[in-house]
Every structure is written in structure tokens, then in C-alpha cells.
Amino acid sequence: MATLEMKDLVVSVEGNTILHGINLIVNGGETHAIMGPNGTGKSTLAQIIMGHPKYKIESGEILLDGVNINDMPVDERSRKGIFLAMQNPVEVPGVTNFDFVKTAVTSRLPKEKHLRIGKFILEFEDSAKELKMGSGLAHRFLNQGFSGGEKKRNEILQMKLLKPSIAFLDEIDSGLDVDALRIVGENVTSMKSPQLGMVLITHYQRLLDYIVPDFVHIMIKGNIVKTGGKELIEKIDSSGYDWLKEELGISDFEEKKVQYSLGTCATKSIK
Ligand SMILES: Nc1ncnc2c1ncn2[C@@H]1O[C@H](COP(=O)(O)OP(=O)(O)OP(=O)(O)O)[C@@H](O)[C@H]1O
Ligand SMILES: [Mg+2]
């Protein structure tokens with residue numbers, strides 16, 4: 001059972017600090033949901049966990065089973081069992097979908113083991129069927145020309161075949177029609193096990209009706225400001241985030257800041 005711990009994680013992108021001290025522990029068997037307004041740092045968190053080189057850890061630690069992985073390259077993180085289903089999956093012309101997943105799965109095998117290709121083909125086909133994906137998919141270039149919903153299903157196909165121990169799913173529900181949402185939800189739920197710790201990033205309750213989380217975290221402006229259970233999802237779905245901002249004094253602070261900067265500009269222009 002894997003444990004991923006984020007300890008006082010401060011993260012910047014191109015000189016701008018986006019995450020201001022994230023503390024979160026994800027254990028195998030647990031499903032966490034992270035919700036929060038646009039631009040609040042949810043994808044930044046997912047990217048830094050996977051090791052995207054554009055994002056920089058200013059301070060704090062990422063620990064996998066107690067070991068610091070702050071400087072571990074992306075491929076090594078993947079070999080250790082971390083997986084990210086991206087918010088915007090990348091198109092890779094020239095590399096077929098099948099070759100991509102086969103290479104990823106092969107590179108995660110221990111040195112003495114070889115991929116049993118026949119068995120893998122069957123597993124690929126079965127997984128594609130379970131996700132109700134078209135049969136020509138294996139030979140198409142990775143994500144090229146895929147619809148938004150197809151790209152999202154393809155991320156889950158990769159997850160099914162890679163069998164991670166820690167998975168971040170970043171807005172896996174965006175672009176899915178109602179049937180696809182159910183299919184993705186059922187497939188992800190069927191992967192739940194004590195061997196898998198999951199973090200679902202989403203804006204909507206509808207995904208969490210299918211994949212029920214154990215913990216719900218609200219992120220605002222790069223901080224996890226509240227953690228609770230399923231009741232938080234309903235509250236956000238019906239009332240948004242304003243009640244929480246008010247409770248925490250966040251909107252007041254913003255207004256004061258805007259007034260202050262407007263005041264400063266006005267003073268400057270008068271002078
Ligand atoms: N290169 C960059 N330079 C400056 N700011 C950036 C850069 N890349 C991202 N950001 C900012 O970081 C903030 C957090 O972005 P992030 O994608 O993590 O938000 P999010 O919570 O996932 O939002 P959404 O719900 O819209 O997906 C945003 O304000 C974004 O504009
Ligand atoms: Mg995002």
C-alpha cells in the first residue's frame with residue numbers, strides 16, 4: 001500500500017508562487033476529491049506531483065512511502081507507481097496509441113521481466129471495450145484528432161493498463177457526455193482497491209456521484225482551506241464558493257487589495 005505525502009509544499013511557475021503550503025496525505029485505498037475555483041492551483045498540484053519541469057518546488061516536500069521525491073524525474077515517478085490523467089491530454093502525432101501504452105507498461109516492468117505481448121493485446125482490447133472506445137483506436141496516433149471525451153477515456157485506458165498505486169485524475173469529467181461520464185465513473189470505481197490511492201480534481205458533483213470520495217478538500221488561492229466529507233460537495237454544487245470565501249474573509253481581503261491598488265494608481269496619476 002503506497003502513501004503519498006505533501007508537506008508544506010510551496011510551488012511556483014515561471015517566478016509566480018501558485019501553491020502556498022499544501023499539506024495532504026493520500027494513502028492506498030483512499031479516494032480524495034479536490035475542488036476549487038478556476039486558477040486556484042489544482043492542476044499545478046497534479047503537475048508538481050508528476051514532476052513537470054515547468055513547476056518549481058520553492059520549499060516543502062513530496063514523500064512517497066516516506067522517501068523524498070522532490071528531484072525525481074517523471075519516468076522514475078511513473079515507475080514508482082504515480083500516474084496523472086491530464087486535464088488537457090497532449091496529442092503526439094507519429095506515435096500510435098498502442099505503442100505508447102505498450103512502451104510505458106514495458107518500461108515499468110522489472111529488468112528480468114518481459115511483456116507478454118499476446119496477453120497485453122487482449123488486455124488492451126478488453127479495457128478499450130469496457131470504456132466503450134472504438135476498435136480502430138489502437139492504431140491511431142496518440143490523442144490526434146480525438147474528441148474531448150475520447151481523450152479523457154484514453155487517459156483512463158492508460159490508467160487501467162499501467163495500474164498505478166497513486167493516481168491524480170485532473171478534470172477527467174470535462175467534455176464527457178452523460179453516458180461517457182457514467183462509463184468513466186464505473187471504470188474508475190472498479191479500479192478502487194487498497195493498492196490504489198486516488199485524487200480526483202473536479203468542479204462538479206456529477207462525477208463524485210459515480211466515484212464516491214472519502215475526503216473532499218477545497219482549494220482556494222493555492223491553499224487547502226477546508227477538508228470534509230461528501231456534504232461539502234453538495235454545498236458547493238448548490239452555493240458555489242462565496243460562503244466559504246466569506247467565512248474565511250478571502251473576498252474582503254481581495255476587495256481591500258483592489259481598492260488599495262486603485263487608490264494608489266489614482267494618487268499616482270493625480271501627481
Ligand atoms: N506560466 C505561468 N505564468 C504565470 N502564471 C501561470 C503560469 N502557468 C499557470 N499559471 C497560473 O497559475 C494559476 C493556477 O493554475 P492551475 O492550472 O493550477 O489552476 P486550476 O485550479 O487547475 O484551474 P482550473 O479549474 O481552471 O483548471 C492560474 O492563475 C494560472 O494562470
Ligand atoms: Mg486545472
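Helix H4 (residues 117-130) and helix H5 (residues 148-162) pack at an angle of about 140°, their axes lying 10 Å apart; axes are lines fitted to C-alpha atoms, for helices over the stretch in contact, and angles run from 0 to 180 degrees between N-to-C directions. That angle makes H4 oblique to H5, since angles under 35 degrees count as roughly parallel, over 145 as roughly antiparallel, 65 to 115 as roughly perpendicular and the rest as oblique. The contact is made by Glu123, Phe124, Ser127 and Ala128 of H4 together with Leu157, Lys160 and Leu161 of H5, where two residues are in contact if their C-beta atoms, placed from the backbone, lie within 7 Å.

This is a predicted model, in which local features need pLDDT of at least 70 and side-chain atom pairs count only at pLDDT 80 or more, while totals for chains, interfaces and linings use all residues. Residues are numbered from 1 along each chain as its sequence is written, and chains are lettered from A and ligands numbered from 1 in the order in which they are written.

Helices (H or I, at least four residues) and strands (E, at least two) are DSSP runs, numbered from the N terminus. Four strands form an open sheet in the order E2-E1-E4-E5, with antiparallel pairing; two strands pair if DSSP finds at least two bridges between them. Strands E2 and E5 stand at the edges, each with a single partner strand, so one side of each is left without a neighbour in the sheet.

| Edge strand | Residues |
|---|---|
| E2 | 16-27 |
| E5 | 67-68 |

Helix H1 (residues 42-50) packs on the sheet, touching E1, E2 and E4.
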